[in-house]
Amino acid sequence: MRDERQTHSFPIDDIVGNSLNPFQEIYECKDCHSLWWIKTRGTGDPRSTYPEFYEQTAERIDDQRSELIRNPSVSGLINHKNSVFPYSFFEEILEIISQKEREALKTLYLRRDSDLPSTVKRWLLQWFQKEYPNEFQEIQKKGFPTSAGHLFSLEENETVIVSEFIAKDQLALITSLEEKYFIQGYDLTEKKILWKGPIGKPFLEGLPIPILFYQSGYLCFYQGFQKGSEYFSKLNRPDTLCIYDISGKLIISIPLAFKCYEILSTEERDVSENRISHNFGFTILGDTLYLPHQFQIQVYDLKSGKLIRNISLPKFEIFSGKAFETESGNLLFHTLKGILGINSSDEIIFQYLSPYHPVFIDSQFQFYFYYAIVESANTGEKKEFKQTHDSGISLVRELASPPVEFPGGVYLPFSLDGSLLLDSQLRTIKEFPFSTTDTIGPHSFGTTKTPVLVTEDRIIITNDFSGIYMIDFSGNLLLEKQIQSEVLSVFTFDGKHTIIILSFHDDYSDGEETKLLLFSPKGDVITEKLLPGPQGLSVSFDGICVFAKNNQMFSLYLFSADDSR
């Protein structure tokens with residue numbers, strides 16, 4: 001018995017002679033000396049009366065490709081990187097080139113040309129690792145880009161979890177060492193650690209929310225763990241909020257009582273769909289902290305670190321963490337279902353509650369729901385954004401991610417396709433064929449990233465594995481860039497320039513990496529860098545990027561003219 005998947009080979013020496021050594025499937029004609037590619041494919045035994053499938057074809061190789069075969073070189077390989085050859089051809093020709101163009105191959109690996117075939121990339125990785133072990137270890141230790149400067153080293157097994165700039169030249173870090181955790185401050189100018197102290201375990205067992213961030217002059221840190229559901233880890237929440245000043249002094253440590261729950265589609269069908277509602281947020285106005293605590297708002301004085309008062313919310317409402325102060329000194333609180341306004345005496349002066357959970361509330365008190373229904377808290381009017389299909393049926397569209405407000409209007413992204421730029425009266429300024437990453441739909445359970453960013457005069461829109469787009473407030477398209485990876489984060493460090501972090505993996509390395517793209521306000525790519533990973537990555541107001549690799553921290557000036565990666 002024979003394995004039917006076996007591909008049989010037959011002598012064809014009498015036709016084209018022996019194959020060229022070491023190229024399989026490539027033969028030279030005895031008479032005209034042309035090079036031929038003999039392709040054989042099939043299943044079953046072709047010698048039987050009725051083979052399942054068998055085919056043998058001959059293709060004459062043109063003069064350009066023949067030149068590469070007869071005279072292998074790195075330049076020829078690059079010129080023919082998109083040409084069609086037998087499957088094992090590139091590995092075979094690289095073995096020949098490595099004997100005479102060693103330095104050129106090294107340069108080719110360090111350039112990390114993304115357009116080369118995968119077989120070439122994998123061969124270069126294995127070859128470089130074998131031929132230049134010390135340099136390869138240095139790259140593994142430091143990571144790309146090679147132009148990054150070394151900042152400092154931690155203890156041997158200590159790793160950086162996250163970093164955050166707290167001043168122009170100072171950053172805070174959370175590090176881990178054998179199940180022990182530390183928070184510390186580092187000065188880029190003096191190149192020394194300013195302060196360091198032990199902390200509890202950071203919140204890492206639920207949604208990937210920011211656990212260390214700078215807000216209104218204070219350094220905030222989430223730690224601990226509360227189990228939200230035995231079925232859904234996305235409902236887990238942090239246990240404690242710690243607030244430090246920028247000199248590393250702990251001001252206050254507050255036990256948390258956040259409310260996180262799943263919204264059932266049966267209760268809010270055709271309005272909110274199936275998703276979860278979180279209030280991982282708080283507001284610091286001046287030196288006063290407004291913090292959600294079950295059905296109350298706790299108010300802390302951050303100068304003294306003491307609880308001033310509790311504000312009880314009516315009808316068991318839950319504070320979303322967003323608070324605003326009006327010109328008249330009144331306070332506005334966004335709740336998970338509405339808006340509450342109080343005066344200096346904590347008297348309610350304005351209240352509007354919806355029966356459903358909005359995904360966004362704008363500055364004009366308009367409520368946006370998952371199904372594209374907008375309800376005005378001022379007038380009670382509702383507006384639906386519908387799409388008429390070829391069948392003539394008109395259905396309410398669904399939002400892909402929360403709408404984003406900009407001066408003069410709102411950007412409204414829809415799931416599957418399309419988005420709208422609206423003015424303040426919800427009239428369409430422009431319609432676009434692209435949209436954002438789906439972060440609030442039923443298939444995006446617990447996604448926390450924000451795919452849209454508004455700078456001082458631009459809107460940047462990202463969609464995983466699809467594209468990056470930039471428009472101005474009038475709807476003019478300034479940038480359209482296709483991508484084939486996940487967008488990890490979108491942010492601006494100065495209100496003008498945009499940084500987009502993409503997941504990245506190619507065959508030049510064994511591990512996952514990230515790609516950093518720096519865009520100008522006009523949509524031009526200023527810098528494109530490969531970094532070891534998202535751990536410890538942050539950017540200062542001046543464009544200095546810091547990142548971690550193992551137990552080391554590195555810095556990189558993003559506006560540098562150095563193009564090395």
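Rings of Phe, Tyr and Trp (its six-membered ring) pair if their centres lie within 6.5 Å; planes under 30 degrees apart count as stacked, over 60 as edge-to-face and the rest as tilted. Keep that rule in mind for the tour.

**Before you click**

The model is predicted, so local features need pLDDT of at least 70, side-chain atom pairs count only at pLDDT 80 or more, and totals for chains, interfaces and linings use all residues. Residues are numbered from 1 along each chain as its sequence is written, and side-chain values use heavy atoms, with hydrogens and water left out.

**Stop 1: the whole protein**

Show the C-alpha trace. Along its principal axes it spans about 100 × 70 × 50 Å. Switch to cartoon. The protein has 7 helices and 43 strands. Helices (H or I, at least four residues) and strands (E, at least two) are DSSP runs, numbered from the N terminus. Of the 565 residues, 51% are buried. Buried means under 20% relative accessible area, exposed over 50%, and partly exposed in between (1.4 Å probe, protein chains only).

**Stop 2: the aromatic cluster**

Select Phe203, Phe213, Tyr222, Phe258, Phe280 and Phe282. Together these residues form one aromatic cluster.

**Stop 3: helix H6**

Select residues 118-131. This is H6, with 14 residues. From first C-alpha to last, H6 reaches 20 Å, close to the 20 Å expected at 1.5 Å a residue. The expected span is 1.5 Å times one less than the number of residues. Now show side chains. Among the buried residues of H6 are Trp123, Leu124, Leu125, Trp127 and Phe128.

**Stop 4: two aromatic pairs**

The ring rule gives 29 aromatic pairs. Select Trp127 and Tyr132. Their ring centres are 5.8 Å apart and their planes stand at 75°, so this pair is edge-to-face. Trp127 and Tyr132 are both buried.

Next, select Phe406 and Phe473. Is this pair stacked or edge-to-face? The centres are 5.0 Å apart and the planes are at 25°, so the pair is stacked. The pair links distant parts of the chain, 67 residues apart. Phe406 is in strand S29, and Phe473 is in the loop between strands S35 and S36. Phe406 and Phe473 are both buried.

**Stop 5: charges over rings**

Select Lys39 and Trp37. Lys39 lies over the face of Trp37, 4.2 Å from the ring centre. Then try Lys196 and Phe182. Lys196 lies over the face of Phe182, at 4.7 Å from the ring centre. A charge sits over a ring if NZ of Lys or CZ of Arg is within 6 Å of the ring centre and within 35 degrees of the ring normal.

**Stop 6: two loop residues**

Select Glu179, in the loop between strands S6 and S7. Its phi is near 65°, a positive value in a residue other than glycine. At 64% relative accessibility, Glu179 counts as exposed.

Move to Phe365, in the loop between strands S23 and S24. Phi of Phe365 is near 60°, a positive value in a residue other than glycine. At 18% relative accessibility, Phe365 counts as buried.
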